[in-house]
Amino acid sequence: MERAYCLWDMTCSLRGVHTSCLRRWNQNHANWPVTRDHALVLYVDTLCRAWSTTPSRLMPDELLLSLSWILVAKTSINYRVCPSAASGVDLPSSNSPPEVSLDPLEALEADKVSSAGPQFCQAARDISALSSSGLRVKVATGGDPVFPLKVQLRGEQVLGSGGSFRHFMWLMARELQGTHVGLLVPCPSSAANKNKGKFIMKPGPMTYGDEKLLIFFGQLLGIALRSDIPLALDLLPPFWKSLLNLPLDAHDDLRETDILTYNYLRRFSEMESIEEFQTLCFEADLCPYRFVYTSLDGEEVELCTDGANVAVTWENHKSYVRAIRDLRLKELRCESRMAAVRCGLSSVVPLHVLTVMTPLDMEIRTCGQPSLDLGFLKAHTSYVAGVKDTDVHIEYFWNSMESFSQDQLRKFVKFACNQERLPSRCTCQDGNPHTADVHVPPYPMKIGPPDGRGPSDARYIRVETCMFMVKLPQYSTQEIMTEKLLYAINCREDPLTDIT
């Protein structure tokens, strides 16, 4: 029986079982018979043999759904009825993936939200009703990737699933960093023109609705890892350190995240005499300071018991500095919110796999490189249907690309394959002769001739986002090539259709 108790306790602590499950466990604890314990052990062993795995590698939904079924049973359970519990577990299926429906017109204006709420929240509601086992598709290692979701763009006729799925990941990242979802906030340092455009986890109390969205956020991170399709987020290192359960750096992380608080604490820390302390208080017109400080969500927080009535003096000013630093680091860790993200991530990717990754590794593998290496893209481009890399219009094309800024290059990638960032590695670089021609999706980019006929200079650039194919007319001059490319990346809102 001790084996089952240890299994249950370990599962509860690692998987974050809901309070109601724990309450049922307490109610059934006194009446737990040996036969039920035997049924539990035999069921787990049978499940592992059927899936060719070990108990430590079982995913949350693969075990907890069955445990919940066993715990609430009101009759004695033995091994003969355990297979009926297994029927309640959703095994990975070879059938078509679940479908998520999005309206692409709603995504054109980031500051507007439909009556049904942000599309991130709509997708979270749809996916919360599904088993997370369906999201654990084969890891992308080259060739045609397997996508965990079929994204249906309402009102559009889209061939293939790659382009629409990449559009879905791009949209989720954009809404996460928007103002309507409310899970991420701009880092405080942006108010001082430092790390502008970077985000941190929103601190503060977590509601039940927030928890559901954070779990979905974690699942998206896992999907990005498996599919090698970046979730283009700009998150500071404290997020990734907290996700990997690594300690924060009280100096560097605070400076990068909240430079104003960092400078404020540095002035206190560098004082060497009571006269300097009195001068600082006089300059700030705060005589005396109190043991209170403003949190990242704008609330005034007491740093100690009855801190609003405790004055900061020369004798205790170091305690004041430590208290503010601890407050900020606690807010950056966001332990309860990060636990929800980790729960969603663990339902798609085993957490022990992440122990070999550094925060930077995790960021790059999940979110991709924010800058585009044009040389890498050029080396992973193929030319099809009679187009050659020595053609004049191909030379014009790369000349134009080299003249573009990083922002314009990101727009081109979004136009050509429906994601703003590309993987910074490829299977063909592994040095294995058997994988020399195998590429990580969406590589390679393909450049081919346009469809149909007509004067080249009067035609527009078209793409097939699922294949990362650019259909490039043979423009006669460098100027026309640059003009058409700029038009394509700035004016073509929806590359999934033929509308220009």
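Biologist: Which residues does Arg328 touch, not counting residues up to four places away in sequence?
Modeller: Contact means heavy atoms within 4.5 Å. With residues up to four places away left out, Arg328 touches Leu254, Asp258, Thr261, Tyr293, Thr294, Ser295 and Leu296.

Biologist: What kind of model is this?
Modeller: Residues are numbered from 1 along each chain as its sequence is written, and side-chain values use heavy atoms, with hydrogens and water left out. Local features need pLDDT of at least 70, side-chain atom pairs count only at pLDDT 80 or more, and totals for chains, interfaces and linings use all residues, since the model is predicted.

Biologist: Is Arg328 buried or exposed?
Modeller: Arg328 lies in helix H13, residues 317-333. Helices (H or I, at least four residues) and strands (E, at least two) are DSSP runs, numbered from the N terminus. Buried means under 20% relative accessible area, exposed over 50%, partly exposed in between (1.4 Å probe, protein chains only). Arg328 has 6% relative accessibility, so it counts as buried.

Biologist: Which side chain meets Arg328 in a salt bridge?
Modeller: Side chains of opposite charge can pair when their charged atoms come close. A salt bridge needs a side-chain nitrogen of Lys or Arg within 4 Å of a carboxyl oxygen of Asp or Glu. For Arg328 the N to O distance is 2.7 Å, and the partner is Asp258.

Biologist: How many residues apart are Asp258 and Arg328?
Modeller: Both Asp258 and Arg328 are buried. Asp258 sits in the loop between H10 and helix H11 (259-269), Arg328 in helix H13. The pair links distant parts of the chain, and the two are 70 residues apart.

Biologist: Why are Arg255 and Asp252 separated by about one helical turn?
Modeller: Their side chains meet in a salt bridge, 3.2 Å from N to O. Arg255 is partly exposed at 27% relative accessibility, and Asp252 is partly exposed at 32%. Both lie in helix H10 (residues 252-257), and the separation is about one turn because they are apart by three residues.

Biologist: Which residues are linked in a network of salt bridges?
Modeller: A search of the whole structure finds 14 salt bridges. Glu256 forms one with Arg255, the closest N and O atoms being 3.6 Å apart. Glu256 is partly exposed, at 25% relative accessible area. The network links Lys194, Asp252, Arg255 and Glu256.

Biologist: Why is the pair of Phe397 and Trp398 classed as it is?
Modeller: Rings of Phe, Tyr and Trp (its six-membered ring) pair if their centres lie within 6.5 Å; planes under 30 degrees apart count as stacked, over 60 as edge-to-face and the rest as tilted. The structure holds 16 aromatic pairs. In this one the centres are 5.0 Å apart and the planes stand at 75°, so the pair is edge-to-face.

Biologist: What is the relative accessible area of Trp398?
Modeller: Phe397 is buried, at 0%. Trp398 is buried as well, and its relative accessible area is 4%.

Biologist: Which ring does the charged end of Lys414 sit over?
Modeller: A charge sits over a ring if NZ of Lys or CZ of Arg is within 6 Å of the ring centre and within 35 degrees of the ring normal. Lys484 sits over the ring of Tyr460, 4.6 Å from its centre. For Lys414 the distance to the centre is 4.2 Å, and the ring belongs to Trp170.

Biologist: What separates the C-alpha atoms of Met271 and Trp314?
Modeller: Met271 is in the loop between H11 and helix H12 (274-284). Met271 is buried, with a relative accessible area of 10%. Trp314 is 43 residues away along the chain, yet the C-alpha separation is 9.5 Å.

Biologist: Which residue does the UniProt annotation "active site" cover?
Modeller: UniProt positions are given in the numbering used here, feature names are shortened, and annotations may be inferred rather than shown by experiment. The entry is unreviewed, and its "active site" annotation covers Cys466.
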